[in-house]
Amino acid sequence: MAESTSPIPFKRLEQIASDACNSVLENVEFYEHPKTAGWNETIIQKVLKALMSEATPAGASSPQYKFAINSTIVQHVVPTSQLNKPTSTGTTDAEAAATAKKQAGRRGMHSATGGYWNEKTDGMWSYKWDGDAKGLDVVLMLIWIAV
């Protein structure tokens, strides 16, 4: 999606998303499934509040866009014995251990979204917040539609 269609520059969208995730998850130590709905709701509300504020022109009562946000929290898994096996690519034990550590606890995920709309005014953007130290990631997807 071309940045020119976005009501807010992508760099600023990234900062808004990062700030929301950081503020909601700053005191979280690990993934706790019963709390994820609340985390998602709070992240979405913080992002929406910032979007509404920044996308509303001076003197207007509302932005010229409708926004929809999806927030997905992905739990990391515990390392498996397969991830900790030495590689057969000729790497050293230290290199193999470092590679295994980077891959340990990761779940695969793929998500795709499409839309039929006015490509000159409408669009979508996604962002991944990396929460390695907390055992979770957050994936945000934002859609805007001009009104």
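## A tour of the fold

Strand 1, strand 2 and strand 3 each supply at least two residues to the lining of the largest pocket. This is a predicted model, in which local features need pLDDT of at least 70, side-chain atom pairs count only at pLDDT 80 or more, and totals for chains, interfaces and linings use all residues. Residues are numbered from 1 along each chain as its sequence is written, and side-chain values use heavy atoms, with hydrogens and water left out.

That pocket has a volume of about 220 Å³. Its lining is made of 13 residues, and S111, A112, S126, V139 and M141 lie nearest its centre. Pockets and cavities are both found on a 1 Å grid over the protein atoms alone: a cavity is a set of points where a 1.4 Å probe fits but cannot get out, whereas a pocket is an open set with protein on both sides within 12 Å along at least five of seven lines, and lining residues have an atom within 4 Å of a point. Grid points are joined across faces, edges and corners, and a volume is the space filled by probe spheres set on the points.

Now for the overall plan. The protein has 3 helices and 3 strands, and from the N terminus on the elements run α-α-β-α-β-β. Helices (H or I, at least four residues) and strands (E, at least two) are DSSP runs, numbered from the N terminus. Of the 147 residues, 34% count as buried; buried means under 20% relative accessible area, exposed over 50% and partly exposed in between, with a 1.4 Å probe and protein chains only. Among contacts (heavy atoms within 4.5 Å) with a separation of 6 or more, 64% come from residues 24 or more positions apart.

How are the strands arranged? They form an open sheet of 3 strands in the order 1-3-2, with antiparallel pairing. Strand 1 (65-75) and strand 2 stand at the edges with a single partner strand each, so one side of each has no neighbour in the sheet. On average, neighbouring strands are turned by 15 degrees against each other, direction ignored. Such angles use axes that are lines fitted to C-alpha atoms, for helices over the stretch in contact; between N-to-C directions they run from 0 to 180 degrees.

Strand 2 (residues 123-131) and strand 3 (residues 136-146) pair over 9 bridges in the antiparallel sense; two strands pair if DSSP finds at least two bridges between them. Within this pair, W125 stands opposite L142 and M124 stands opposite I143. The hairpin of these two strands has 4 residues between them, and there G135 takes a positive phi near 75 degrees.

Helix 1 touches strand 2 and strand 3, and its direction makes about 40 degrees with that of strand 2. Helix 2 (residues 33-55) lies across strand 1 and strand 3 and runs at about 150 degrees to strand 1.

| Residue | Location | Relative accessible area |
|---|---|---|
| T5 | segment before helix 1 | 6% |
| S6 | segment before helix 1 (10-25) | 12% |
| S71 | strand 1 | 11% |

Leaving aside residues up to four places away in sequence, T5 touches Y65, E119, K120, T121, D122 and W144.

The side chains of S71 and N40 are joined by a polar contact of 2.6 Å. A polar contact is a pair of N or O atoms within 3.5 Å; within protein, one must be able to donate a hydrogen and the other to accept it, and residues adjacent in sequence count only if both atoms are side-chain atoms. S71 and V138 are 67 residues apart along the chain, and their C-alpha atoms are separated by 6.8 Å.
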